[in-house]
Structures are given as C-alpha cells and as structure tokens.
Amino acid sequence: MKLDRYNPGDFYDEVFEAVGKPRPPAGVLVRTLESMPEGELNRRQLAAEKAFLDLGITFNVYNSQSGLERIFPFDILPRIIEASEWDFIERGLRQRIHALNLFLDDIYHDQRIVRDGIVPLELIRSAKGYRKECHGLNPPWGVWCHITGTDLVKDGDGRLYVLEDNIRCPSGVSYVIGNRQVMKRTFPQIFGAMNPRPVEDYPSRLLDMLQFMGQRSGGPPCVAILTPGVYNSAYFEHSFLAQQMGVDLVTGSDLAVRDGYLYMRTTRGFKKVDVLYRRIDDDFLDPRTFREDSLLGVPGLMDVYRAGRVAICNAPGTGVADDKVIYAYVPKIVEYYLGEEILLPNVETYMCWVPGERAYVLEHMAELVIKTANDSGGYGVLIGPHSTKAVLNEWAERIKDNPRNFIAQRTLSLSRSPVIVGDECEGRHVDLRPFVLYGRDIYVMPGGLTRVALKKGSLVVNSSQGGGSKDTWVMPAVPEPLNGHAGGSPGGLSRIGQADGQAHAAAAEPLVQPETPALAKAAP
Amino acid sequence: MLSRVADSIYWMARYIERAENVARYVDVALQSSLDGQKNPGSQWMPLVAAAGDRGMFLEKYGEAMASREGGDAVMRFLAFDQEYPNSIVSCVTKARENARQVRGSLALEAWEHLNKFYHFLISAEARRRAVESPHDFFSEIRTASYLFEGIVESTMSRGEEWNFMKLGRALERADQTSRILDVKYFILLPTPSDVGSVVDDLLWAALLHSVSGYEMFRRRHGRILPEKVVDFLVLDREFPRAVLFCLERAEECLLNLSGTPMGSFRNNAEKQVSRLRANLAYTNVEEVISQGLHEFLDNLQNGLNQVGEGIFETFFALETQSQFQFQQ
C-alpha cells in the first residue's frame, strides 16, 4: 500500500499534515499500512464488511419488498484524535450539556432566561420540540437530557465547531461499538501498538445512568428500552443496547398503564417498569397527551411520569433545545447559567427571523448553508455553493414566507480523512458525533461516531444520504507528572455532585492507562 | 419474561425445526429417486402434500411440473419459494425475524450463526449448490439446524427462555414426524390388510432415513416391518423424533414453566398437552392400526393444534386472562 502519494489538498486532513507527512499520532498507523503487501488493505476492507453482515449490524432499506438489508458503509482506516485535543472536546461537551440541561429545566419552570431578556419567549413557544405539557415537570435528579449525541465538525483552520446538539434520541452509538469490535479483528497489531481508549464500557455506563434515574427501595429498578419496532431503521441499535445491558426491549403493545403505574406484559403477568429509555419521539409517547393517532406509545404514560412513578429518558420536551434557532443562543445560554465563555463554539449562525440577518442571508445565499429549524438526518439543508439559481430562488421564497423556520451558516471547509477507494486512498469529509451521558455525573464516551461523506466532494455525512463511518481512536492520555489534573470534571458542575464526578473519573482511570502497571504487578 | 419475547422464541424454534424437516424430506426423496424406483416422479408430490400445500403448488407450477422427473420444480418450491410460507427460505427468514426481536435472550454466537444461515440461503450461491449437489446442500441445512440447537444447548440459561425454546422445537417435531408418516404410510400401505405383507424395504428405509432414525430403528426392532416403523415413529419413548418422546418433552417444559407437579394441571396448555401425551402413552400400535392410522394421526394433529392454542392463550395473549397477576 502506497500512502506517500496521498494528497490532503487544500483541506485540513485528520491523518496527514502534508503529502507524505502523517500527523505524529498517526505515524505508527501509516508506517504499518505502508508495509502491507499490495491488495492486503482491500482484502481487510472486504473482510470487515463481511463481519458486519454476519453480526447482523445492518439497517433496513425502506420500501424494499425483499427485506433488503444493508450494512452501514464502513471504512477501515481509523480517524485518530490526539489526547490533548480530546481533553478539550470533553471539557467543551461537559460545559455545553450542563448548560443545556439547566436551560431545559428553566424553560419548563420559571423561565428566568426569558424574563432576563436573553432568549425571546416567542422563539421558545414556536419551537417544534417545545411541549407545553411538560411545564412544571420535575424529572428525577433534575436531569432532562440523559443521552446526547453532539455533532462536531472541524473547519479548514483546524478549529472545532458544534453543528447540532441532538438531545432527543440520538442514534449511532451501537455503530461505535460495532466498529470497534470489527477493527480489533481487522488490525490487531496496530490496535495493540496504538492503544486507543476503550468504548466498549458504554452499555454499562448507560445502564448505571438509567438505573440511577429509577432508584427505588428493594432491588434494582426495572429498566426497559421502548422501540417503535423491528422495521425501524435504528432497530439494530435498540436491540443491541437492550442485549448489552440485559434489559427488556419493549414495544408500545408490551406496555400498559394500570392503577397509576407502568407495567409490561410478561409470561407471569404484569411487571412494573421504573425507567423507560425511549427511542420514539415525544409525539408518539402517549396518545392521550400527544398525538392521538400514535400506536407506538402507551396511553396514560405521561400521567405515570407526572406522578414520578416512571423515569423517561430522555425527558419529554428536550426537543426544544434541538431547534436550530435555539441552537444559535447556546453561547449565551452557557454564559447565562454558568458564567463561562463557551469552549466549543457554534458555527456562525444567522437567524432569518431577525430582519437585518435575513436581509444578509437573502443577499448571500449562494455562499451560505441554509437549514430549516427542525429537520435532522441531513434533510432540510441547502448548501448554497453546491446549488443552482432556481433552487436558491425557491428557498428564498420559503425563507420570506416563514423566516422563523430558517437559519443560515457560513459554509465550512470540513476536514477530511483518507478512505480506501479500490487500491488507493482518497480524502473525504468527516464529522464526529461523541455521545454523552448525564446521570450521577456527566460522562463523555472517548471518541464517538466518525461519519464520512463517501461521495467524492460531498459535505453530507448522513447515512440516509450516502454517508458511512469510521472507527474513532482517541489516543491514551499522556501522563502529567507535575501538575496532574485528571481531566475529570469541569468547573461549574454544582448541581450534580462534583465530588462524585471526580470519584467516577478516578475509578475509570486504569482503563485508559497503558499496560505497564499491570506488568509491573505481575513481575514479582 | 415479556410475553412477546416468549412468543418469538417459541416460533423461532418452531421455524428452524420446520426448515430442517423440509430439508430432510426433500433430501430423502432425492435419494429415493436415485434408487431406480419404478415411478420416480411419484416421489415428489407427497412432499408437498405432507406440508398440506398441494393446492398452492399446483396453482403456481401446474400439474405437469408436479410429476416431472428430478423434481426440480418441487425442490424449488419447497426450498426457495419466498411466497410459499413453509419453504425452507421462508421458515429461516421468519426464524431470523423472531430472533431479531429476542437478541437479548440469545448468545451472540447463536444469533450470528442464524444470521449467516439466512444470508447463505438467500444468496445465488445457495441456489447454485442446490442444483449442482443437492444432497450436500440439504445436508448443510440439516447441519445448520443442528448447529443452532447445539449452540443454544451449550449457551442458554435454563430459565423460561429455554423452556419456550424447547417447547417450540418439541411440538414442531411431533407435528412434522406425524405428517411425514401420514403421507408415506398412505402411499406405502394403503390398507390395514397389507400389514405383515412383504413390502419394499427401500421405501421404508427411506422413511426412517428422513428422520435420521434408520440406525436407531435397526437396533431396536431389527427387521423393517411397517407396524414396527409406526410404533417406532409414534410411540417410542427413547427416539428423539418420535411423537411420544416429543410430547413428553413438551409436557416437561410446560410444567417447568409454571412449577406444576406432574400429573396435574394449572392452565389449558398443560391440560391439553398432558391429555394428548397420556393418549399416546396408554395405547399400542395394534390399536392404532386397527383404528386406522390416518384417522389416528388426524386426531393427533388436532390435539397438537389445541396444545398450540392453549399455549397462546396462557402465555402470549395476556389481556384475555380473566384476572391480572401483578409482580412488583
């Protein structure tokens, strides 16, 4: 395999600084790949794809009579993140999610942030994810966004930006773990030499968090995952997580509300459920509270939730913070609640509901990325520079009709990473979705899902739009013998015990250490 | 465990067993047709009849295909027809769909094996193999089923899941053995007066081979006599594919599930299975044959259906129970 001809071009490349010059942490990887005989890399790529198929890590292709299943396209060259960069990402995510949780709790209670004139009430009320039914609710421990999958991108200058927060039902974490399993089979030697931080303990941490939300006397709480069913495109992930945690995977019809509690139907009668990790949208949770025509949810569920007899993760109503107009306020939200400057910045965003900004957007559409406020999955996005006059005009009309529903952002020059194309490597744009759990403390899984736009030149990484993924290797922490701060919890974690957070980080420490201590112990 | 999960495990086991049995019958028909039978075409339609789907076959493929030598149409129908609900491919697809819903109850290896089996069956490679070396192909299906059973046997906790799995397998096996006997007996021995007459050893041997029971039969009964074969396949308590053996296992599973002592019952499923098992336990082959084997097997099949209904109403359709049981 010849990588010396790989050209990072005019982009920030995650693996190569320049032609023939890998970034320092990627040195071992590149040297090993170059020593492989011709065709070897391609052979391993095919073997990896077969492994995904055998493991059943597939998604359903909709509207396919033959029940066609595809694997989520996977590229075996890992994306590598240096320890120092990761520490920064981790601190930034903790800060952001801590603040967003305070924001959610506030807007469903006193709305101080509105009264203090930071976020206009109109924007909150008009956000599609805002649920007036959730006003005054007190989810256990004051946590609303238990599971977050923040989308990060890197611009041409190597700076990281947050693209979306995804605090409803983010998916993809099963692919992170699946990718890692397959990579261990694919590159055992490189893996051992580089020792990336482990991700496989995510299900245990998820279970800890979920059980923490449902504490009750007399035995561990009963946790279940609520799925829309086997035909949902993320079904694999739902079943994977249930299986890894050893909890029941339920559909709406397995559940029933009786005498004010939530039960599931078992072979021995009805069994009480304490925590529901739901993977269906708010709209479908309870036909008596939200959409009447929903067959996926459980009639009466919200009454049980209001009475504090079941925990729902994520809490209903979190979607308000996923609104892309609210997103534009996150730097102010962080400052308002935490008194800190935001670490991971937003992409510069223009809100079309503000007349001055709208005028700018309409004038510069061909340079900007325009997004609707409420879509996800790569839908509702117009990339100005890749568009045509006619489409731009059509979007201009839509913006004028409903300015509240549109934002615009500067077109970033997304960073790239090499992928295997036949016997060569070519650069493709990538993003990163780390997963964050908020329970007793905030836990950030090291790495996350690196999504890659496999179509040459494409900026859209979503799997529904021809995207694939890569394994993400966060390099082990470099020991800091002098002023060793463990990189544990950030400042400002006041509400959910800080001491606890540090204890947790310390307990996790041996996982990311190199193997030397164990060897030293074994020696005598 | 969740009722829906129990339901899925039960049906997963049934469908795998069904796929295996279809493979057995087709394979044995293939073998027999190579044995220089006088009328080789006649080997094939009984297979379709055994599954009770003669009408659907004739509608799709026509009379001419039914008697065609080599049986490739029948083979295609029974192995690969995705529209035919009891074809091997349909059964394995449904088994896998059920498995997908109960991944948490299966070891990863069990799922991975079933998944690979499915991907193999829907591949072009499988169709090519079935044509080029059918015997190898059908052996592979059988082996895949054995392997699944073996993985489950050595990895699954002996809890409720296990009992539902074994229950499904035992009932399906009892059903399949009774069906194949019904069809074959009808062809081999049309009237009771033929009992004791000299019959074609080869045909009876083929029947025994189709349930992998040839060797076991020989050791137990020696000479191949029709009534002994019936005795062996229906009333034997040691041969694992005999109907009575399967019913005893099914009864055990149901009693395990509820903790009911042997000889009593607490729900309709237990009542039905114990009654059926007792019927077989307290009869002998002479009675069966004088009553008429076909009628006997017909009643047996009705009994098996009632057991299935009992299981459904006891475990899977919780809402119909008159009073709710609550667990904390």
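**Notes on the model**

1. Let me begin with a strand pair in chain A: Val419(A) has Glu426(A), in E21(A), as its bridge partner. The strands here are E20 (residues 416–421) and E21 (residues 424–433) of chain A, which run antiparallel and are joined by 6 bridges. Strands pair when DSSP finds at least two bridges between them. The hairpin has 2 residues between the strands, and Gly422(A) takes a positive phi near 60° there.

2. A word on the ground rules. This is a predicted model, in which local features need pLDDT of at least 70 and side-chain atom pairs count only at pLDDT 80 or more, while totals for chains, interfaces and linings use all residues. Residues are numbered from 1 along each chain as its sequence is written, and chains are lettered from A and ligands numbered from 1 in the order in which they are written.

3. On confidence, chain A averages a pLDDT (the predictor's confidence in each residue, from 0 to 100) of 87, with 88% of the residues scoring at least 70. The mean is highest in strand E22 (residues 435–438) of chain A, at 98, and lowest in helix H17 (residues 516–522) of chain A, at 35. Please look at residues 484–524 of chain A, where the pLDDT is below 50; beyond near neighbours in sequence, that stretch has 37 contacts in the model. A contact here is a pair of residues whose C-beta atoms, placed from the backbone, lie within 7 Å.

4. The two chains have these secondary-structure counts: 17 helices and 25 strands in chain A, and 16 helices and 1 strand in chain B. Helices (H or I, at least four residues) and strands (E, at least two) are DSSP runs, numbered from the N terminus. Of the 524 residues of chain A, 45% count as buried; for the 328 residues in chain B the figure is 46%. Buried is defined as 20 or more other C-beta atoms within 10 Å of the residue's own, exposed as 12 or fewer, and partly exposed as in between, with C-beta atoms placed from the backbone. Among contacts with a separation of 6 or more, residues 24 or more positions apart account for 67% in chain A and 69% in chain B.

5. A second hairpin in chain A is worth a look. Strands E7 (residues 151–154) and E8 (residues 160–164) of chain A pair in the antiparallel sense over 4 bridges, and Asp151(A) has Glu164(A) as its bridge partner in E8(A). There are 5 residues between the two strands, and Gly158(A) in the turn has a positive phi of about 85°.

6. Which backbone details might you check by eye? Most residues other than glycine have a negative phi, and most peptide bonds are trans. Gln111(A), not a glycine, has a positive phi of about 55°; Gln111(A) lies in the loop between helix H3 (83–107) and helix H4 (112–115) of chain A. In chain B, Ser212(B) has a positive phi of about 50°, in the loop between helix H10 (201–210) and helix H11 (214–221) of chain B. Gln111(A) counts as partly exposed, with 14 C-beta neighbours inside 10 Å, and Ser212(B) counts as partly exposed with 14 as well. A cis peptide bond joins Cys313(A) and Asn314(A), with omega about -10°.

7. Which residues of H8(B) are buried? They are Phe137(B), Phe138(B), Ile141(B), Ala144(B), Ser145(B), Phe148(B) and Val152(B). Seen down the helix axis, the buried residues of H8(B) fall within an arc of 105° (taken from the directions from the axis to the C-beta atoms), so they line one face. On the other side, His135(B), Asp136(B), Tyr146(B), Glu153(B) and Ser154(B) are exposed.

8. Finally, the interface: 23 residues of chain B are in contact with 22 residues of chain A. On the chain B side, H6(B) gives the largest share, 5 residues. By class, that side has 8 nonpolar, 8 polar and 7 charged residues. Ala, Val, Leu, Ile, Met, Phe, Trp, Tyr, Cys and Pro count as nonpolar, Asp, Glu, Lys and Arg as charged, and the others, Gly among them, as polar.

Methods
Contact = placed C-beta atoms within 7 Å.
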